[in-house]
Structures are given as structure tokens and as C-alpha cells.
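Welcome! Here are some exercises to work through with the structure on your screen. Try each task yourself before you read its solution.

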Amino acid sequence: MREIRILGISGSLRAVSSHRSLLAAAASIVPAGVVLEISSSIGNLPLFNPDLADAAPDSVLRFRAEIAAADAVLIASPEYAHGVTGAMKNALDWLVGSGEFSGKPIAALNASPRSFHAHESLLEILRTMDARVIPEASIRIPLSSSQATEQEISSDKRLIGLLGEAVMALIEAAGRQG
């Protein structure tokens, strides 16, 4: 059986972020034969400029290569002012015309108990980009702190259970892909 590669992307650029912690907790529970690597690329991307789409900067090419090499993508992104974060939207804009998301299994996690606008918007953007959004893996996990740690998430049986179910649904979708 081949190894399944999942790329985790946090929509938050904060050094300590509940969304990055959510991805770290997910990486700690994947079964053998699955690797979940957390990308740090979106903070290095320049602002999207359609004039550069065909001659993209190296940072964009590296980001696209990370996406292309993954069997699935797990996005954990917060909501800012009822919308997708600027960093997340910028990263997605760099992928719209290049096709790396087309047909790829993707899940979106949101860690805020009070936000839903950005989550729904992110899912719509991903579907528009022809990503194969996995509904049972695209969930809201209500963390009580915007700076929850991986350990806090992992020690909460309810939260790690929700996260585990979402991750397994994404892994199953990625396994069916290959």
C-alpha cells in the first residue's frame, strides 16, 4: 500500500494559532502509512497579480509544487471580519488558474465556535476551484481559545474524536483517489 501524503495549510499567519495547533494535532493522530506535513508557504507568497500568473515567482511555484505533490489538502483557517483571511485568499488566488486543486480531495476546518461565514465562503471558493471538497471532513471544531495548543486539543476526547473522524474521512477520500 502506498503512502498517503496530506498537506496541511493554516490560514492564520500567527506564530501561535489554534488553527496551526489543530493541524499539529491532526498530524499527531494520522495512522501509519499517512504523512501530514504542515506548510508554511502562504506567508511567503506575494500579493496575487494576474499579470504574473504565467511567470509566477519562485515562492508561488514552490507552493504549487507542495499542493501538486499532496494526495489531499487539509486547510484550517479562521474567520476575520466574516471572511476568509487575506493570506488564505491570496494563496487560493495563486492556484485558481494553475489547476492543482482540480479534483483533489480537500477538507476545511474552522476552530472558532462563533464563526461560520468564512468557513462557508472557503468551501464555496474551493468548490469553484474544482476541488473535491469532502463534506464529512470539512467541519467546525469549537475550540474555547484562539491560542489553543496541540496538547489542549489532543487531551480533549471530544475534540480529538471530531478531528480524528474528519481526518479519517479525508484519508479515505485520498486513498480512493490513487
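**Exercise 1.** Which strands and helices do the buried residues of helix 3 pack against?

*Before you start.* This is a predicted model, in which local features need pLDDT of at least 70, side-chain atom pairs count only at pLDDT 80 or more, and totals for chains, interfaces and linings use all residues. Residues are numbered from 1 along each chain as its sequence is written, and side-chain values use heavy atoms, with hydrogens and water left out.

*Solution.* 
Step 1: Locate helix 3 at residues 86-95. Helices (H or I, at least four residues) and strands (E, at least two) are DSSP runs, numbered from the N terminus.
Step 2: Pick out the buried residues. Buried means under 20% relative accessible area, exposed over 50%, and partly exposed in between (1.4 Å probe, protein chains only). In helix 3 the buried ones are A87, M88, N90, A91, L92, W94 and L95.
Step 3: Look at their partners, where contact means heavy atoms within 4.5 Å. They pack against strand 1, helix 2, strand 3, strand 5 (83-84) and helix 4.
Step 4: Draw the conclusion. Because seven of its ten residues are buried, helix 3 is largely enclosed by the rest of the structure.

**Exercise 2.** Find L170 and describe its surroundings.

*Solution.* 
Step 1: L170 sits in helix 6, which covers residues 157-177.
Step 2: Its relative accessible area is 2%, so L170 is buried.
Step 3: Leaving aside neighbours within four places in sequence, L170 is in contact with I6, A72, V73, L74, P105, I106, A107, I134 and A137.
Step 4: Along the chain, A72 and L170 are 98 residues apart, yet 7.2 Å separates their C-alpha atoms.

**Exercise 3.** Which residues have the most contacts inside the largest nonpolar core?

*Solution.* 
Step 1: Recall the term: a nonpolar core is a set of buried Ala, Val, Leu, Ile, Met, Phe, Trp, Tyr and Cys residues joined through side-chain atoms within 4.5 Å.
Step 2: The largest one has 32 residues, and I6, L74, L109, I141, L163 and L170 have the most contacts inside it.
Step 3: At least two residues of this core come from each of strand 1, helix 1 (18-29), strand 2, strand 3, strand 6 (105-109) and helix 6. Helix 6 gives the largest share, ten residues.
Step 4: Another core, of 29 residues, lies apart from it and includes L45, V84, I125 and V133.

**Exercise 4.** How many salt bridges does the structure hold? Look at some of them in turn.

*Solution.* 
Step 1: A salt bridge is a side-chain nitrogen of Lys or Arg within 4 Å of a carboxyl oxygen of Asp or Glu. The structure holds four.
Step 2: One of them joins R2 and D71, with the closest N and O atoms 3.1 Å apart. This pair links distant parts of the chain, 69 residues apart: R2 precedes strand 1 (4-10), and D71 is in the loop between helix 2 (58-69) and strand 3 (72-76). R2 is partly exposed at 38%, whereas D71 is buried at 18%.
Step 3: R5 pairs with E37 at 3.8 Å between the closest N and O atoms. Here R5 in strand 1 is linked to E37 in strand 2 (residues 34-38), 32 residues apart.
Step 4: E124 and R127 form another, at 3.6 Å from N to O. Both lie in helix 4 (residues 117-128), three residues apart, about one turn of the helix. An α-helix has 3.6 residues a turn, so residues three or four places apart point the same way.
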